[in-house]
Amino acid sequence: MAERSFEQEWNSKVERVRASAFWQQVSSPPAAPIPAPGAPAPAGSVTLNADWHACLEGDTEAAGPAALGLDDLTRFLGQRLGLQLQGRPDPGNAPRLVFRLSPQPRASRWDTRFRLDVAPGAIRVTGATEADLLRASVYLSNLWGLQGRASLPPGRRTVRPAVPLHIGADLWGGFCTTQAWVHGRETDDNWLELARVGVNAVPVMTVIEDYLRNPAAPFELLTHPRAEEHRARLARLARQSARYGVYIVLMGYNPKLAPDHEQFSRYPECAGATQSGQAFRTLCSSDPLTLGFLADAWAGLFEEIPELGGVEAITGGEGFYHCFMRSGGGAADCPRCSQRDGSHVVAELVNTTAAAIQHQVPDARLVTWPYSAGHWSHDRDQEQFIARLDPERVIFQSEIDKDSVDWREAGYAKNIWDYSMSRVTPSPRVRRQRQLCRSRGLSFSVKIECNNSIECLNVPYLPVLCNQQAIWENARSLRPQAIHSRWMFDGACKSPSEELGYWAVWGRDTPYANLRALTGAIARRDFGAAAAPAVLNAWERCSEGMRHHPQLDYYVGSYFVGPGQPLVLDPSSAQSGGGLDPAFFGRFYWQWETSATDDDTALVTGKPLFYAAPGFRALARRGPNRGRDVALDELQQMARLWERGARRLQAAGSRIDPACRDRYDQELVLMQFLAFTWRSAANVEEFLRLRDEIRGHSAQYWVRAGHRRENMRDLKRMTALARDELDIARQALQLVRGVDFLDLSLRLDMGTASTTEILTAKIAQVEHLLSTELPAWRQELLRW
């Protein structure tokens, strides 16, 4: 990657993110006092008080995971429950909370469990590893936080997760979809915050070219001059996170070389199919020597860094490149792969890599994820691919909802071609894939989005707890061996939905395995018992509203800039700038995916963040609306429901527990901003449709004259919409000032102006539209 303006922008952005208040919030343990519970502990419960002592037993490290966990638990009891425990027990019968290390052989590092022995005056927590004891401390603080008291029922039981492998994106502000290093992350001590939400594996974008150190012939040309430095910082990262029982999973990227790269002249047999319109060429894994090179390159990292957790190989449309991925023609220009079945070729690459990394680290996991593989496999369910995977070494992953349609009451079917927070049932595809994996004895992982989705990527999480509850329940019902709960545009922020996920996995034998009951407990803890019913009602309205969202799109308009998109009057000039403020254009870092590794054009080229033409369509094919586009109706209904939810939450303000005020203020700002987002989405869509309606009936003078009344009527409505948009933008600007978790310029997957700059530009644009452009167009429409 050329060291141009992107490097400067990236380094500055990382510094700003790590200095932000929200980074400090997500990096720190929750500290707000928890309101007292409304009822006493159940009869017979063992309840801690200030007479209790806490200590470690066994051969634990002085500052190891067990000590870190116990320190965190005692801090939680003091800060959040107002309960200060004593130090090591005095001789005698002092009540005690003991964390005891009792080493036992385990099947793998992923086999996490601990035992609770609870009796009057004594709670003993026993784990085979220090990581087990750390997980126990998080379990107890999470449990006691929801209860509002430190109590347990008496008896002995073993606690273990229902799903052993939980992959989730890094903390907000950490590693994301951009293939660049987040400087300083390798020495952070905040990995416990990921353990707190149940994550034990974090994906990090890993371009294998960055780590190639003196590869054997004939691949010497691929040596990276900074490979040693890159390996050292990856090792620091993996060892640091592993102290907290959180393992780094390499989101694997195979080489993407320029089509005329010298390597292909040196060894022609490695030349694979060109990709993305001949933007780059892959290495061909059908050549045995090249296949061995690729597998050994990944395995070499595990040999050197055994603390690594595994590889996640996206084998569909990005990442773990092979000849079929983006070739567009069945690898037609590869003389080897064009003669073979794509599913066979890709399974061979996956199986060989899995065997190689597990030869170095038997605990390493390889998760293969055929995201958007249908375009080359022509197989919705990836049946042939599943049939060829090695069930002893590979985990197959699929999305809970993707590649399906979701029929709505309004009579249309939403195309769920990517992550959605509006579909709340598992797709037929994922059900079939689960069945196929079960019949083969192949481990299965389910991919969900628990915080946000393609419908809205500009916030840390969507407060749609009813939908998120359903998504977690759907995932759990598949009985997977792994869950990937957040893609890398979506950092962990310890949201209520992440907490739903924690108890979906860890809640067995607790009241919180019931996610509906859990949602109520979260509302009471975070907002107080008096306000909880109103908060739940607000979440219900927003969840219902989300189920009216009619379409999916990427990083544009209301999907990304919320209420900040301009009202475009001249679509012909808007895409190229057309006098619009540069704030309305952004750099899509993640689109580097479709370029050769050393081509950084996507990282420095601005593209529109707005719609210049109507962006929504939902054609009803069933019911009374059959034949009609209901997208605008759906957007308007969604806006109404979110506005009701925001008003309901705002009205609860007088009943918020004083200890919960900061949490409430944050939720209210988030919900109000999203209500503005959806109202703006409906307004902009209607504005653009009316604009095109007028343009379609005014190009010829006699048509313009014949439609004078209708054009003036529609222009009047456009003017009213513009005034409404101006008001929304002004209110949104006041709302987001100083709110860094809504600042788009702090996102590490995109390069944009700040949210305040975008909204300021929107205000200026709409003011000019109202004062100058719309009056001028009116005069033009009246001439013939």
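Reader: Where does proline 218 lie?
Author: Proline 218 is in the loop between strand E9 (201-207) and helix H6 (227-242). Keep in mind that this is a predicted model.

Reader: And the peptide bond from alanine 217 to proline 218, cis or trans?
Author: That bond is cis, with omega near 5°.

Reader: What's up with phi of asparagine 214?
Author: Phi there is near 50°, a positive value in a residue other than glycine. Asparagine 214 also sits in the loop between E9 and H6.

Reader: Is asparagine 214 buried or exposed?
Author: Asparagine 214 counts as exposed, because its relative accessibility is 62% and the cut-off for exposed is over 50%.

Reader: Now the core. Which residues touch the most other members of the largest nonpolar one?
Author: Leu48, Phe99, Val125, Tyr139, Trp144 and Trp642 do, out of 263 residues in that core.

Reader: Which helix gives the most to this core?
Author: Helix H20 (residues 661-696), with 17 residues.

Reader: What else is there apart from that core?
Author: Another core of ten residues, including Ala201, Val367, Ile395 and Ala482.

Reader: Back to phenylalanine 99. What is it in contact with, leaving aside neighbours within four places in sequence?
Author: Its contacts include Cys55, Leu56, Glu57, Leu70 and Leu73. Val125, Leu133, Ala136, Ser137 and Leu140 are also in contact with phenylalanine 99.

Notes: Residues numbered from 1 in each chain as written. Predicted model: local features only at pLDDT ≥ 70, side-chain atom pairs only at ≥ 80, totals over all residues. Heavy atoms only, no water. Core = buried A, V, L, I, M, F, W, Y, C linked by side-chain atoms within 4.5 Å. Buried < 20%, exposed > 50% of the residue type's maximum accessible area, 1.4 Å probe, protein only. Helix = DSSP H or I, 4+ residues; strand = E, 2+ residues; numbered from the N terminus. Contact = heavy atoms within 4.5 Å.
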